[in-house]
Amino acid sequence: MRIINLSEQNTILNRFVSELRDVNIQKDSMRFRRNVERIGETMAYEISKTLNYAPLETQTPLGTSITNVPTDPIVIATILRAGLVFHHGFLECFDKAENAFVSAYRKYRENHQSFHIHIEYIASPQIENKVLILTDPMLATGGSMDLSYQALLTKGEPSHVHIATIIASKQAIEYCAKNFPQEKTTIWAAAIDPELNESAYIVPGLGDAGDLAYGEKE
């Protein structure tokens with residue numbers, strides 16, 4: 001399994017992540033959403049380098065051109081709701097991809113320090129022998145990602161799984177490394193943070209990505 005921490009590279013991606021974390025810039029929800037989307041676009045570009053390619057002949061007004069283009073069928077799968085704008089960033093690059101959506105959420109107990117993860121809804125095409133890109137901006141424990149993947153396996157066995165996240169905890173990276181297929185999984189993170197707090201939020205993290213993008217929920 002490959003684990004790629006993009007923050008280890010000096011790219012413009014780091015500025016997008018920094019702005020997402022900034023408590024003052026976070027007040028601008030439109031800016032927050034756009035930064036999430038831009039990270040999705042950038043990460044999709046990085047993932048595109050790992051795909052299979054074949055030459056395509058194109059007729060121009062003056063002749064023909066041969067260009068190597070990706071040939072893998074792709075399904076972009078997103079965990080609702082925070083993942084929606086992240087998903088759109090990927091779709092801007094992989095515009096011919098099929099799409100899947102999973103509703104997974106934490107149901108906290110009264111102490112708000114422990115929870116169950118529930119899957120309520122899944123809408124997905126067949127994913128048999130396709131490249132599956134699983135996207136979620138925040139990878140805290142890895143539990144939601146794992147349950148979503150298991151739900152998607154009812155639609156077939158993908159040829160490769162890319163787990164794409166903006167901020168992950170070390171705990172979640174370790175969890176996914178143990179629970180996803182070793183030989184065909186790649187984890188992409190824009191940043192990996194050191195710990196979780198008692199409510200299983202990533203520290204330093206950025207807060208609740210869904211609330212920052214779409215407003216607070218009851």
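**View 1. Contacts across the chain.** Among contacts (heavy atoms within 4.5 Å) with a separation of 6 or more, 67% join residues 24 or more positions apart in the protein. This is a predicted model, where local features need pLDDT of at least 70, side-chain atom pairs count only at pLDDT 80 or more, and totals for chains, interfaces and linings use all residues. Numbering runs from 1 along each chain as its sequence is written, and side-chain values use heavy atoms, with hydrogens and water left out.

**View 2. The overall fold.** The protein has six helices and twelve strands (DSSP runs numbered from the N terminus: H or I of at least four residues for helices, E of at least two for strands). Its radius of gyration is 18 Å, close to the 17 Å that the globule rule gives for 218 residues, so the protein is as compact as a globular protein of that length (taken over C-alpha atoms; the rule is 2.2 Å times the number of residues to the power 0.38). The C-alpha trace spans about 65 × 40 × 30 Å along its principal axes.

View 3. Some 47% of the 218 residues count as buried, meaning under 20% relative accessible area with a 1.4 Å probe, protein chains only.

**View 4. A close look at Glu46.** Glu46 sits in helix 2, residues 29-48. With a relative accessible area of 16%, Glu46 is buried. Setting aside neighbours within four places in sequence, Glu46 is in contact with Leu6 and Trp188.

Methods
Buried < 20%, exposed > 50% of the residue type's maximum accessible area, 1.4 Å probe, protein only.
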